[in-house]
Amino acid sequence: MILGLIWHSYSNARAPLPEVITLPDGKTAMAYTQGPDWYAVVTDTSQILIFDRASGELRQEIRIEPKQ
């Protein structure tokens, strides 16, 4: 019963996703995830781009090194 109430409460809830994500030129999104005050996009060029949720500004870039 309680599980059903929890499911019902959250089944229609939408994640607070940004309306538009502007990536740097030449980048294509492959995956997306989010945290409390940031969201991240994994690109097809082996990078993780972390953006500030409030401003949409790029906060950090992480390069994924190729497998050795």
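With which side chain does the side chain of Gln47 make a polar contact of 3.2 Å? The partner is Glu61, whose side chain meets that of Gln47 at this distance, and the answer should be read with the reminder that the model is predicted.

The protein chain has an average pLDDT of 81, and 75% of the residues reach a score of at least 70. Where pLDDT is low, the predicted coordinates should not be read in detail.

One helix and four strands make up the elements of the protein chain, and along the sequence they follow the pattern α-β-β-β-β. The strands form an open sheet in the order β1-β2-β3-β4, and their pairing is antiparallel. Because β1 (29-34) and β4 stand at the edges with a single partner strand each, one side of each of them is left without a neighbour in the sheet. On average, and with direction ignored, neighbouring strands of this sheet are turned by 20 degrees against each other. Of the 68 residues in the protein chain, 15% are buried; among contacts between residues at least 6 apart in sequence, 6% join residues at least 24 apart.

The pairing of β1 with β2 can be followed residue by residue. These two strands form a hairpin with three residues between them, and they pair in the antiparallel sense over five bridges. Within this pairing, Gln34 stands opposite Tyr39 in β2, while Ala29 stands opposite Thr43 in the β2 strand.

Thr43, which lies in strand β2, has a relative accessible area of 4% and is therefore buried, the limit being under 20%. Its side chain makes a polar contact of 2.9 Å with the side chain of Thr45. When neighbours within four places in sequence are left aside, the residues in contact with Thr43 are Lys27, Thr28, Met30 and Leu49.

Gln47, to which the opening question referred, lies in strand β3, and with a relative accessible area of 11% this residue counts as buried. Besides the contact with Glu61 at 3.2 Å, the side chain of Gln47 is joined to that of Lys27 by a polar contact of 2.5 Å. Leaving aside neighbours within four places in sequence, Gln47 is in contact with Lys27, Val41, Val42, Glu61, Ile62, Arg63 and Ile64.

The structure holds two aromatic pairs. In one of them, the rings of Tyr39 and Phe51 have centres 5.3 Å apart and planes at 15 degrees, so this pair is stacked, the limit for stacking being under 30 degrees. Because Tyr39 lies in strand β2 (residues 38-43) and Phe51 in strand β3 (residues 47-52), the pair ties together parts that are twelve residues apart in sequence. Both partners are buried, Tyr39 at 3% relative accessibility and Phe51 with a relative accessible area of 2%. Together with Tyr32, the residues Tyr39 and Phe51 form one aromatic cluster.

Is Arg59 buried or partly exposed? This residue, found in strand β4, has a relative accessible area of 44% and so counts as partly exposed. Not counting residues up to four places away in sequence, Arg59 touches Asp37, Trp38, Ile50, Phe51 and Asp52, a list that includes Phe51 of the aromatic cluster. The side chain of Arg59 reaches the backbone oxygen of Asp37 at 3.3 Å. The C-alpha atoms of Arg59 and Trp38 are separated by 8.6 Å, although these two residues are 21 residues apart along the chain.

Key: Residues numbered from 1 in each chain as written. Predicted model: local features only at pLDDT ≥ 70, side-chain atom pairs only at ≥ 80, totals over all residues. Heavy atoms only, no water. Phe/Tyr/Trp six-rings, centres within 6.5 Å; stacked < 30°, edge-to-face > 60°. Buried < 20%, exposed > 50% of the residue type's maximum accessible area, 1.4 Å probe, protein only. Polar contact = N/O pair within 3.5 Å; in protein donor to acceptor, adjacent residues only side chain to side chain. Contact = heavy atoms within 4.5 Å. pLDDT = per-residue confidence, 0-100. Pairing = 2+ DSSP bridges. Axes fitted to C-alpha atoms, helices over the stretch in contact; angles between N-to-C directions.
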